[in-house]
Amino acid sequence: MKSEDIFERDKSGEQISLEDPGYHKIRDVINEAQKITAELNNSYHDAEEIRKLFSRLTGIEVDGTFDLLPPFYTDFGKNIRVGRNVFINHACTFMDRGGITIEDDVLIGPKVNLITINHPLDPAKRRSTISTPIVIKKNAWIGVGAMVMPGVTIGENSIVSAGAVVTKDVPPNTVVAGVPAKIIKTIDLT
């Protein structure tokens with residue numbers, strides 16, 4: 001049976017139209033995220049205040065080891081999950097309606113974009129959205145200005161080079177670079 005909950009439908013990858021009768025619920029969360037990010041970005045906050053604001057944004061308390069340098073941008077916020085010892089540098093954008101999971105010990109460079117939303121190819125349906133999750137595994141490092149596209153998993157210990165556009169899963173222990181990103185090196189852990 002198909003779920004009637006628009007949040008479940010959205011996160012499961014169902015195409016969601018702006019005309020959907022439940023879309024106002026998504027709009028309400030977007031509006032709340034805009035208020036919280038405005039508060040986060042428009043005045044100075046110490047590390048503890050940043051963690052409290054980020055926890056409010058996601059609806060889940062983040063670990064005391066979480067570190068974020070504002071400004072930070074998101075369109076939704078409620079589908080972001082971060083592990084322990086995660087560092088997010090300034091001016092990152094997380095479009096998280098499809099879900100963004102960041103495991104322990106991940107480094108995210110400045111101006112990184114994690115995008116879980118796409119639009120249908122059909123011009124008549126283009127104002128609809130399709131969401132698919134991004135997962136960043138333990139010890140990964142996402143370099144400055146990299147863009148990770150919907151549905152991508154970044155493998156454990158992997159590095160996404162600065163400016164890369166990642167459109168496919170990145171295997172563990174690899175370095176990817178370029179547009180679109182390709183494997184350029186394997187990380188030897190011996």
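Reader: Which residue of E8 stands opposite Phe94?

Author: In this predicted model, Phe94 stands opposite Leu114 in E8. Helices (H or I, at least four residues) and strands (E, at least two) are DSSP runs, numbered from the N terminus, and two strands pair if DSSP finds at least two bridges between them. Here strand E8, residues 113-115, runs parallel to E5 and is joined to E5 by 3 bridges.

Reader: Which strand pairs with E5 in the parallel sense besides that, and over how many bridges?

Author: Strand E2, residues 72-74, pairs with E5 in the parallel sense over 3 bridges, and Thr74 stands opposite Phe94.

Reader: How should I read the two faces of E5, and which residues are covered or uncovered?

Author: Burial is read from relative accessible area: buried means under 20%, exposed over 50%, and partly exposed in between, with a 1.4 Å probe and protein chains only. In E5, residues 92-95, the covered face carries Cys92 and Phe94, whereas Thr93 and Met95 belong to the uncovered one.

Reader: What is the strand order in the open sheet of 4 strands, and which strands are at its edges?

Author: The order is E3-E6-E11-E14, with parallel pairing. Strand E3 (80-82) and strand E14 (153-154) are the edge strands, each pairing on one side only. Within this sheet, strand E6 (residues 100-102) and strand E11 (residues 134-136) run parallel and are joined by 3 bridges, with Thr101 opposite Val135 in E11.

Reader: Why is one side of E1 and of E18 left without a neighbour in the sheet?

Author: The open sheet of 7 strands has the order E1-E4-E7-E12-E15-E17-E18, with mixed pairing. Strand E1 (67-68) and strand E18 (182-186) stand at its edges with a single partner strand each, so one side of each has no neighbour in the sheet. E1 runs parallel to strand E4 (residues 87-88), to which 2 bridges join E1, and Leu68 stands opposite Ile88 in E4.

Reader: Is Phe54 buried or exposed, and what is Phe54 in contact with?

Author: Phe54, which lies in helix H3 (residues 47-58), is buried, with a relative accessible area of 0%. Contact means heavy atoms within 4.5 Å; leaving aside neighbours within four places in sequence, Phe54 is in contact with Val62, Phe66, Leu68, Phe72, Ile80 and Val82. C-alpha to C-alpha, Phe54 and Leu40 are 8.2 Å apart in space and 14 residues apart in sequence.

Reader: What radius of gyration does the protein chain have, and what would a compact globule have?

Author: The radius is taken over C-alpha atoms, and the globule rule is 2.2 Å times the number of residues to the power 0.38. With 190 residues, a compact globule would have a radius near 16 Å, and the 17 Å of the protein chain agrees with this. The C-alpha trace spans about 55 × 40 × 30 Å along its principal axes, and 43% of the 190 residues count as buried. The protein chain has 3 helices and 18 strands.

Reader: Which conventions should I keep in mind?

Author: Residues are numbered from 1 along each chain as its sequence is written, and side-chain values use heavy atoms, with hydrogens and water left out. Local features need pLDDT of at least 70, side-chain atom pairs count only at pLDDT 80 or more, and totals for chains, interfaces and linings use all residues.
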